[in-house]
Amino acid sequence: MTLTKENIQYINLYLKKNNVIFDDIRIELVDHISSAVEFEMVKNEKPFNTAFLEFIKENKVEILKAGKVYKKWDFPLAYKTFFQFLKNKNIIIVSIVLFLTFQKNFFEFIRENIGMIQVISVLVIIVMCLGWLLFFTGIFKRRFFAIENNFNVSILFINAFNLARILTQPKSDLAVNLTLTYSILTFLFIWFVVKKTYDFYIKNKELYAFE
């Protein structure tokens, strides 16, 4: 005895009605609940409604608590996830190539336009985060904790930007190299968010068919 598409949709709608607003967390909970309910249906030959209601009666508090993590952002997780992305061999190679290429060919250009480049880098981060939220949350009514939580990394970027401006002399070689590094990290952060979003969709696109 297996769950039908309607059974899975019912579980998903139950979680939605109970304010499990993040798609990624809700999908994980749907999978967890489905497995437990299906096991009970097979083991004790119970209909779906009975097995589901019994499971919810015993586990409702824990399930809904797990689904409402949005009340507490996880900064360490955000930084850990992003830095794991940066440790990828291909990312390291791309970063080095970009840094050396721009340092060799555009060093003086960066020096002469350092203020503008710094401001643009910060604005790109802000616009990207707001644009992502508007596109997915505003238009498609989708929210992803794993992605939105990672926007906390942008706080680190902005603080690093301000620190670099305070501790370096304007247009010095150090200031130029820090600005270049900051700009490359901005590019990598956008790459990271796009990749995480795409990977999540590819992994779970079949489950979205149930909605």
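This is a predicted model: local features need pLDDT of at least 70, side-chain atom pairs count only at pLDDT 80 or more; totals for chains, interfaces and linings use all residues.
**View 1. Packing of helix α1 against helix α2.** Helix α1 spans residues 5-17 and helix α2 spans residues 23-44. Their axes lie 10 Å apart, and the two helices pack at an angle of about 130°. Because of this angle, α1 is oblique to α2. The crossing in which α1 passes α2 is right-handed. From α1, the residues Ile8, Ile11, Asn12, Leu15 and Lys16 make the contact, and from α2 the residues Arg26, Leu29, Val30, Ile33 and Ser34 take part. By class, the contact of α1 with α2 comprises six nonpolar, two polar and two charged residues.

**View 2. Crossing of α2 and helix α3.** Helix α3 covers residues 48-66. The axes of α2 and α3 cross at roughly 145° and come within 10 Å. This crossing of α2 and α3 is right-handed. On the α2 side, the contact is made by Ile25, Leu29, His32, Ile33, Ala36, Val37, Glu40 and Met41. On the α3 side, Phe48, Ala51, Phe52, Glu54, Phe55, Ile63 and Ala66 contribute. Twelve nonpolar residues, one polar and two charged form the contact of α2 with α3.

**View 3. The second largest pocket and its lining.** This second largest pocket holds about 200 Å³ of space. Its lining consists of Leu98, Phe102, Phe106, Phe109, Ile110, Ile117, Thr179, Leu180, Ser183, Ile184 and Phe187. The elements α5 (89-112) and α9 (173-208) each give two or more residues to this lining. Nine of the lining residues are nonpolar and two are polar, with no charged residue among them.

Key: Residues are numbered from 1 along each chain as its sequence is written. Side-chain values use heavy atoms; hydrogens and water are left out. Axes are lines fitted to C-alpha atoms, for helices over the stretch in contact, and angles run from 0 to 180 degrees between N-to-C directions. Helices (H or I, at least four residues) and strands (E, at least two) are DSSP runs, numbered from the N terminus. Angles under 35 degrees count as roughly parallel, over 145 as roughly antiparallel, 65 to 115 as roughly perpendicular and the rest as oblique. A crossing is left-handed if the near helix is turned anticlockwise from the far one by less than a right angle, and right-handed if clockwise. Contact means heavy atoms within 4.5 Å. Ala, Val, Leu, Ile, Met, Phe, Trp, Tyr, Cys and Pro count as nonpolar, Asp, Glu, Lys and Arg as charged, and the others, Gly among them, as polar. On a 1 Å grid over the protein atoms alone, a cavity is a set of points where a 1.4 Å probe fits but cannot get out, and a pocket is an open set with protein on both sides within 12 Å along at least five of seven lines; lining residues have an atom within 4 Å of a point. Grid points are joined across faces, edges and corners, and a volume is the space filled by probe spheres set on the points.
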